[in-house]
Amino acid sequence: MAFLTNDKLVIVGAAGMIGSNMVQSALMMGLTSEICLYDVFSPEGVAEEMRQSGFGDVNIVATTDVKEAFTGAKYIISSGGAPRKEGMTREDLLAGNCKIAEELGKNIKQYCPDVKHVVIIFNPADLTGLVTLLYSGLKPGQVTTLAGLDSTRLQSALAKKFGVLQSKVTGCATYGGHGEQMAVFGSAVKIDGKPLTDLIGTPEFSEEEWEQMKTDVTKGGAAIIKLRGRSSFQSPSYLSVEMIRSVMGGEKFRYPAGTYVKTDKYDHIMMAMDTVLDTNGCTYKMPTGTPEELAKLDASYEHLCKMRDELVTLNIVPAIEKWSEINPNL
């Protein structure tokens, strides 16, 4: 089998549902011949299942030892936090999961400072990604968070509404925070080549229906919990593996990623922007949209700042002016 790389990929949280799905997706995509499954709970059962699936050309290692897992790692995807339960918001996970992110960042700095890229998907991802970046000492373009899931939720909702294949719905993007304060951008969307803006406000798709769809998209994760009785796991695992594939030099990632942003307008924050993921890591530019969409993005940024400042209050991160003492790249 031809692999994209022979570099070591570590799946953190591999014993869980998201992690085990990531392992399978990575193996099916043929990403690397070296994959390590790490969890505080033994991921050996997952490793055995993968070996029994017949992935014969891959060295699959399972471990609960952090040093063994991270030493020599070049790529990391982490789902290693507590999942959401019904009735919880992503923000409810803030303190506990950000402490886990702090430990993850410190482990990266200690055991694999030469890692090429890290994808963070445990919630609230904008904050856990930010904390991981801070304590890892990595450069901003080396740590990204899963934000594309919101864009695929918008795409799938529109595809269902208009009875077309998802590939016929283009230009879907959500920016800002990965949560109910995200900014849903519809101005660049086309449905089978026709601008969505031409359809909104018609008998086929009323303004009210569009507003409700945007709200539903921001609550897509909660809807999955109600439908399945557990937190979403297949979609985040697949999309996060697509993200790491793109930085390994594989197929282009089609959706926005969460990235560290430092501009005149948005500063010292992790949020979804108009991004490109490739072998150089993540680069971004400001999204373009209507004044209303950009105002929503501003509001999403303000919400993220409040959560970031709460991390300072909780002593999980120091005051922003001291961040460069921990990570000179910031």
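1. Start with a term: on a 1 Å grid over the protein atoms alone, a cavity is a set of points where a 1.4 Å probe fits but cannot get out, and its lining residues have an atom within 4 Å of a point. The largest cavity is lined by 12 residues. Those nearest its centre are Gly-177, His-178, Gly-179, His-303 and Leu-304. Helix H11 (residues 291-313) gives the most to this lining, with four residues. The largest cavity holds about 40 Å³ of space. The count is two cavities of 30 Å³ or more. Here grid points are joined across faces, edges and corners, and a volume is the space filled by probe spheres set on the points.

2. Basis of the note. This is a predicted model, in which local features need pLDDT of at least 70 and side-chain atom pairs count only at pLDDT 80 or more, while totals for chains, interfaces and linings use all residues. Residues are numbered from 1 along each chain as its sequence is written, and side-chain values use heavy atoms, with hydrogens and water left out. Helices (H or I, at least four residues) and strands (E, at least two) are DSSP runs, numbered from the N terminus.

3. Helix H1. Its 13 residues (17-29) should span 18 Å at 1.5 Å a residue, and the end C-alpha atoms are 18 Å apart, which agrees. The expected span is 1.5 Å times one less than the number of residues. H1 is mostly covered, with 10 of its 13 residues buried. Buried means under 20% relative accessible area, exposed over 50%, and partly exposed in between (1.4 Å probe, protein chains only). Among the buried residues are Ile-18, Met-22 and Leu-27. The buried residues of H1 pack against elements including strand S1 (5-12), helix H2 (44-52) and helix H10 (234-247); contact means heavy atoms within 4.5 Å. Gly-30 follows H1, and its phi is positive, near 65 degrees.

4. Aromatic pairs. Rings of Phe, Tyr and Trp (its six-membered ring) pair if their centres lie within 6.5 Å; planes under 30 degrees apart count as stacked, over 60 as edge-to-face and the rest as tilted. The count comes to six aromatic pairs. Tyr-38 and Phe-70 have ring centres 5.7 Å apart and planes at 80 degrees, so this pair is edge-to-face. Tyr-38 lies in strand S2 and Phe-70 in helix H3 (residues 66-70), so the pair ties together parts 32 residues apart in sequence. Both Tyr-38 and Phe-70 are buried. Phe-253 and Tyr-255 also form an edge-to-face pair, at 5.9 Å centre to centre and 75 degrees between the planes. Phe-162, Phe-205 and Trp-210 form one aromatic cluster.

5. Thr-275. This residue sits in strand S14 (residues 274-278). Thr-275 is buried, at 12% relative accessible area. A polar atom of its side chain lies 2.9 Å from the backbone nitrogen of Ala-257. A polar contact is a pair of N or O atoms within 3.5 Å; within protein, one must be able to donate a hydrogen and the other to accept it, and residues adjacent in sequence count only if both atoms are side-chain atoms. Not counting residues up to four places away in sequence, Thr-275 touches residues including Tyr-255, Ala-257 and Tyr-284.

6. Backbone points to check. Most residues other than glycine have a negative phi, and most peptide bonds are trans. The bond from Asn-123 to Pro-124 is cis, with omega near -10 degrees. His-268 is not a glycine, yet has a positive phi of about 50 degrees. His-268 counts as buried, at 9% relative accessibility. Asn-315 also has a positive phi, about 65 degrees. Asn-315 is exposed, with a relative accessible area of 66%.

Definitions and conventions: 1 Å grid on protein atoms, 1.4 Å probe; cavity = no way out; pocket = protein on both sides within 12 Å on 5 of 7 lines; lining within 4 Å.
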